[in-house]
Amino acid sequence: MADFLMQSPEAGDAVHRPTLLVAVVMRRERIDNRWQPWRWVLADAVPHEEAFGKQPRLLLKDDHEERWLHPGFKVELFVGDAEGYYLNVTTPQPCFWVVWRMEEEAALADEPVAVPQTVTLSYHDAGRWLDAQETVEQVPAPPEVVQWLQEFVDRHHVLEAKRRQRPQSFQPLQDRFGNPARVSTDKKLGGPGHD
């Protein structure tokens with residue numbers, strides 16, 4: 001198996017971003033469900049190789065599973081998303097996130113196939129796609145990718161200083177309608193006969 005080809009721009013090169021090329025493997029697996037006997041899942045993100053070509057292709061098909069290789073995904077690192085990479089690289093298991101969709105009409109095979117749309121290392125990108133109701137799955141990133149990502153984070157991410165939160169006792173009080181609430185320390189006794 002090849003290693004990931006990680007490219008970092010030369011010092012002072014503002015045009016090129018750090019990139020790596022990835023191929024995505026999707027798996028269709030048999031499940032024990034009479035209404036839906038198959039499901040698609042992300043199997044892996046592997047180093048892209050020229051021999052893969054540019055078109056998706058079937059790697060394996062039997063009674064229990066299918067595996068499809070989808071080559072040629074470029075994963076770029078953007079300085080403006082350094083925090084998203086920081087959030088990924090500081091987790092117990094840094095990962096690739098892959099957004100995939102089912103074909104609307106079968107084009108690659110007799111039945112629709114799950115097709116990856118994009119691959120990222122950004123926690124923020126993955127969160128935005130999940131918020132948009134996209135199918136997003138993750139696979140662990142190998143150590144050499146994690147190290148490459150960590151070097152990028154070390155160069156570009158700046159931790160924001162934590163601001164001291166104002167104590168709750170100094171927050172203005174509001175009633176349930178959002179209007180300023182009045183608090184009195186005068187003791188009033190209620191009920192009939194208490195004036």
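**Helix packing and aromatic pairs**

In this predicted model, Ala82, Tyr85, Tyr86, Asn88 and Val89 of H1 meet Val146, Leu149, Gln150, Phe152, Val153 and His156 of H3, where contact means heavy atoms within 4.5 Å. Local features need pLDDT of at least 70, and side-chain atom pairs count only at pLDDT 80 or more. Residues are numbered from 1 along each chain, and side-chain values use heavy atoms, without hydrogens and water.

User: At what angle do helix H1 and helix H3 pack?
Analyst: Helix H1 covers residues 82-89 and helix H3 residues 143-156. Their axes, lines fitted to C-alpha atoms, lie 9 Å apart. The angle, on a scale from 0 to 180 degrees between N-to-C directions, is about 135°.

User: Is the pair of Tyr85 and Phe152 stacked or edge-to-face?
Analyst: Rings of Phe, Tyr and Trp (its six-membered ring) pair if their centres lie within 6.5 Å; planes under 30 degrees apart count as stacked, over 60 as edge-to-face and the rest as tilted. The ring centres of Tyr85 and Phe152 are 5.6 Å apart and the planes stand at 80°, so this pair is edge-to-face.

User: Is Tyr85 buried or exposed?
Analyst: Buried means under 20% relative accessible area, exposed over 50%, partly exposed in between (1.4 Å probe, protein chains only). Tyr85 has 1% relative accessibility, so Tyr85 counts as buried.

Definitions and conventions
Helices (H or I, at least four residues) and strands (E, at least two) are DSSP runs, numbered from the N terminus.
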